[in-house]
Amino acid sequence: MNIGLFGGTFDPVHRGHIALARAALAQYKLHRIYFVPGNVPPHKQRQPLTPFLHRFAMVVLATAHEKAFVPSLLEAPEEIETARKARQKPNYTIDTVRRLKQSFKASDKLFLLIGMDAFAEIAQWHEAEALFRECEFVVAGRPGYSLADVANALPETLRPRPEVTRPFHKQPAKGDLVLPGVTIHLLGDLHQPASATAVRQAAAAGKPLGRFLDADVAEYIKKMGLYRAASRES
């Protein structure tokens, strides 16, 4: 089976996330995609996050009508009370990948779904080189990124020499990039204007959220009074 893993804060999950997952599902013939909200994302440890249970509930609502989309508790806090009172260890993607693959069959193949902005910082991730050995990447493009930008974002040990990437500067970030030890599938721009920051800002201002979110998620945000305080940067 081809299996996708889509992690993130999902604060909140929005149409851009769903568009990425649907495109990956269709283009790479994925049988299942696990949506994994992070309890303590390493890169956002100093930023306030909506409590995990709310973020997970929104993922459940957003994926309810897609049989292949599976809300996952792989990065859930072990005990909710402990999570409220004590500093939790960060959730590293490499650990989540290895934990998920423990249930795999030998023929199963893992694809890690990620946005271009996050991929641009992949070299700083915990055990980044190991991630490329464990799975293939599916990256949702953004305007302005070239194939060279993708190649140069790789960890130094996997990054091609400058003379190799020089012709890539004029090529948009789409198609497949296959290098020794690296396979990256580039979806191109999905033309989804939604961002978690924009959603939070709209919610804080009392604006309609239908442009950004599934109706059930928008209703949940309204009902639970989420994001009423000042918006936060993602």
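Tutor: Two strands pair if DSSP finds at least two bridges between them; strands (E, at least two residues) and helices (H or I, at least four) are DSSP runs, numbered from the N terminus. This is a predicted model, in which local features need pLDDT of at least 70 and side-chain atom pairs count only at pLDDT 80 or more, while totals for chains, interfaces and linings use all residues. Residues are numbered from 1 along each chain as its sequence is written, and side-chain values use heavy atoms, leaving out hydrogens and water.

Student: Over how many bridges do β1 and β4 pair?
Tutor: L5 stands opposite L112 in β4. The two strands, β1 and β4, pair in the parallel sense, and the number of bridges is five.

Student: In β2, which residue is the bridge partner of G8?
Tutor: β1 also pairs with β2, in the parallel sense and over six bridges. Within β2, the residue that partners G8 is P37.

Student: How many of the seven residues of β1 are buried?
Tutor: Buried means under 20% relative accessible area, exposed over 50%, and partly exposed in between (1.4 Å probe, protein chains only). β1 is largely enclosed by the rest of the structure, because the number of its residues that are buried is five.

Student: Why do the buried residues of α4 lie on the same side of the helix?
Tutor: Helix α4 comprises residues 93-101, and its buried residues are I94, T96, V97 and L100. The arc is taken from the directions that lead from the helix axis to the C-beta atoms. These residues share one side of α4 because they cover an arc of only 160 degrees.

Student: Which strands and helix are included in what covers those residues of α4?
Tutor: Contact here means heavy atoms within 4.5 Å. The cover of the buried residues of α4 includes the strands β1 (2-8), β2 (32-37) and β4 (109-115), together with the helix α6 (128-134).

Student: Which residue in β7 stands opposite V138?
Tutor: Strand β7 (residues 182-189) is mostly covered, with six of its eight residues buried. Strand β5 (residues 136-141) runs parallel to β7 and is joined to it by five bridges. In β7, the residue opposite V138 is H185.

Student: In the turn of the hairpin that β6 and β7 form, what is the phi of G181?
Tutor: Strand β6 (residues 175-179) runs antiparallel to β7, with five bridges joining them. G175 stands opposite L186 in β7. Two residues lie between the strands of this hairpin, and the phi of G181 in the turn is positive, at about 80 degrees.

Student: What is the omega of the peptide bond that joins D11 and P12?
Tutor: P12 is placed in the loop between β1 and α1. The bond between D11 and P12 is cis, with an omega of about 5 degrees.

Student: Is F10 buried or exposed?
Tutor: F10 is found in the loop between β1 and α1. Although not a glycine, F10 has a positive phi of about 50 degrees. With a relative accessible area of 1%, F10 is buried.

Student: What is the phi of Y227?
Tutor: Y227 is placed in the segment after α10 and is buried, with a relative accessible area of 9%. Although Y227 is not a glycine, its phi is positive, at about 65 degrees.

Student: How many aromatic pairs does the structure hold?
Tutor: Rings of Phe, Tyr and Trp (its six-membered ring) pair if their centres lie within 6.5 Å; planes under 30 degrees apart count as stacked, over 60 as edge-to-face, and the rest as tilted. F6, F10, F35 and F69 form one aromatic cluster. The number of aromatic pairs in the structure is nine.

Student: Is the pair of Y28 and F111 stacked or edge-to-face?
Tutor: Y28 is buried, and so is F111. Y28 lies in the loop between α1 and β2 and F111 in strand β4, so the pair ties together parts 83 residues apart in sequence. The ring centres are 6.3 Å apart and the planes stand at 20 degrees, so the pair is stacked.

Student: Is the pair of F119 and F137 stacked or edge-to-face?
Tutor: F119, in helix α5 (residues 116-119), and F137, in strand β5, are 18 residues apart, and their pair links distant parts of the chain. F119 is buried at a relative accessible area of 0%, and F137 also counts as buried at 0%. With centres 5.7 Å apart and planes at 75 degrees, the pair is edge-to-face.

Student: How far apart in space are A215 and G7?
Tutor: A215 is found in helix α10 (residues 215-224) and is exposed, with a relative accessible area of 57%. A215 and G7 are 208 residues apart in sequence, and their C-alpha to C-alpha distance is 22 Å.
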